[in-house]
Amino acid sequence: MSIDKDTVKRVARLARLSVTEEEAESLKGELNSILNWVEMLNEVDVDGVAPMTSVVTQEMKKRDDVVTDGNYANLVVSNAPASEENYFMVPKVIE
Amino acid sequence: MAEASSKLIKGATGDWEVVIGMEIHAQVASEAKLFSGSSTKFGGEANAHVSFVDAAMPGMLPVINEECVRQAIRTGLGLKAKINNRSLFDRKNYFYPDLPQGYQISQYKDPIVGEGEVVLYMLDGEEVRIGVERLHLEQDAGKSMHDQHPTMSFVDLNRSGVALMEIVSKPDIRSSEEAKAYMTKMRTIVRYLGTSDGNMEEGSMRADVNVSVRRPGDPLGTRCELKNMNSIRFIGQAIEYEARRQIGILEDGGSIDQETRLYDPKKGETRSMRSKEEAHDYRYFPDPDLLPLEFDDAYVEELRKDLPELPDDKRDRFISDLGLKPYDASVLVASKRLAAFFEKVATGRDAQLAANWVINEWLGRINKESLDIDQSPVSADQLGAIIDLIKAGDISGKIAKDLFEIVWTEGGDPAKIVEEKGMKQVTDTGAIEAIIDEIIAKNPDQVEKVKEKPSLIGWFVGQVMKASQGKANPQAVNQILKDKLGL
């Protein structure tokens, strides 16, 4: 598998990363060498083997339906670059 | 039957068929969120019902709320659907300020509930079966407000992480009427089950509606998605508009662009939301923070055992055990509380008579005054007592309506009111005969005329009822009049 420069730029845009033409060119090389390396896994025959979801056999932990958290809006927004009355403020996004 | 063709839309160049599929989002009824311990309560101060998990602070891990799992299974059982004992959670990646994780935890390839079916009983008596493709659990996003500041949007994460069930239908819906009926039925089902409050005004139930048109028998056309519909009436209006818009384009030789559109209820039209189109690339992958969700059949059976009677089963019972007309049964089971009210009125009484009174008089009045069923000034016992008085022949149907009015506005025991106000029907033939004799004596002209024209007997009946203040038994009046006038 190999990806071209346009794919690199598209993936970067989806991840909201800004990359220059030169960076895209060099990232293309880096990403392709990573993909080629991972490609080695295709040599393993996994027919009839279920995807591994955990290294230990355990059941998913579940919570009871009880309110145990929240009511600290001031802390929630305390790292925000801008906030007002415990709302996050972000550059205007509207259709 | 004309039903198949009546659903088609007439265009300038012939008939068109509209094809609709719906994705309904219903908020799961639970105290806490899907993957955190903060509250799901509607409203509240900004960001008050938010934990560090919901705000996606680094290092926070999701732990599933088991009640949400149970609610999803219950809903699946209510949709007669396949329950999947093993399902997976995936990340659906996109950027938006009200989505702090940068992804929504959802279920993609392996949902908790598979195929099911919903039956619609249409007003004209037709039964329509709509396939359900799947139901999966996912997180709701936060809420952005754009009108608080000139250059900034405000974000409140109280909704962030609340559990939603997304219920996806097959493209089996063929008219706006069916789409409305499907949404209504889905809301009835989740309300019966108690798995969602189905409150569309508060946004706890909403739908994305996929609409396309085609010539009957042709393959599916290109669809447009009408986003975020939160009113059953608007769903109907939006589909009507959208289908005609698409037909107009196709008949003019154009083609439909697959896109997301919004319905504007004020203008009664749909418009494109083009900006969202560019990057529908969600790059789903299994969420590494969550193990597969697994349970055994016994777990499902335990939940099945405790399910309440569902609307379709109740409808069948009303028809087969109580002998109700199918239409009336459908009306009565539309809400669990309405059905319970009816059953209380009908117990030990003529069920069809009870249904007529509950639907025509009582429910009609409730709707006219925009009351909630619980706010009715007439209780099931009072309505039952009115019906008993009719059955016993104490009052006529017409007087019963007056009595209902009195009980509605003033309250009281119907039997006592009838006694006190002298509303009892006169079945004493002697008394009725006396009235009739007097009227015949006073109106010799009419007596002559009625012999020529027997339909004039109605005039006499009217006079008798007037003289008796509506209390004379109509059957008795008719019979005696016929005898005396020699008709």
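Let me start with a contact I like: B:Arg315 lies over the face of B:Tyr121, 3.4 Å from the ring centre. For a charge to sit over a ring here, NZ of Lys or CZ of Arg must be within 6 Å of the ring centre and within 35 degrees of the ring normal. Another case is B:Lys92, whose charged end sits over the ring of B:Tyr282, 4.3 Å from its centre.

A quick word on ground rules. This is a predicted model, where local features need pLDDT of at least 70 and side-chain atom pairs count only at pLDDT 80 or more, while totals for chains, interfaces and linings use all residues. Residues are numbered from 1 along each chain as its sequence is written, chains are lettered from A and ligands numbered from 1 in the order in which they are written, and side-chain values use heavy atoms, with hydrogens and water left out.

Now, the rings. Phe, Tyr and Trp (its six-membered ring) pair if their centres lie within 6.5 Å; planes under 30 degrees apart are called stacked, over 60 edge-to-face, and the rest tilted. Over all chains, the search finds 13 aromatic pairs. One of them, A:Tyr87 with B:Phe154, is tilted, at 5.5 Å centre to centre and 50° between the planes. That pair crosses between chains, from strand S3 of chain A to strand S10 (residues 152-156) of chain B. Strands are DSSP runs of E with at least two residues, helices are runs of H or I with at least four, and both are numbered from the N terminus.

Buried means under 20% relative accessible area, exposed over 50%, and partly exposed in between, with a 1.4 Å probe and protein chains only.

Then there is B:Phe35 with B:Phe89: the centres are 5.4 Å apart and the planes at 85°, so this pair is edge-to-face. The two residues are 54 apart in the chain, B:Phe35 in the loop between S2 and S3 of chain B and B:Phe89 in the loop between strand S4 (86-87) and strand S5 (90-93). B:Phe35 is buried at 3%, and B:Phe89 is buried at 2%. There is also an aromatic cluster of B:Tyr94, B:Tyr108, B:Tyr282 and B:Tyr284.

An open sheet of four strands runs S2(A)-S3(A)-S10(B)-S9(B), with antiparallel pairing; strands pair if DSSP finds at least two bridges between them. S2 of chain A and strand S9 (143-145) of chain B are the edge strands, each pairing on one side only. Two bridges join S2(A) to S3(A), and A:Ser83 has A:Phe88 in S3(A) as its bridge partner.

In the loop between those two strands of chain A sits A:Asn86, with a positive phi near 65°. A:Asn86 is partly exposed, at 30%. B:Asn47 also has a positive phi, about 60°, but B:Asn47 is buried, at 0%.

Finally, the cores: sets of buried Ala, Val, Leu, Ile, Met, Phe, Trp, Tyr and Cys joined through side-chain atoms within 4.5 Å. The largest has 68 residues, and B:Met22, B:Ile112, B:Tyr182 and B:Val209 touch the most other members. Helix H3 (residues 176-193) of chain B gives this core its largest share, eight residues. A second, separate core of 42 residues includes B:Phe342 and B:Leu403. Thanks, everyone!
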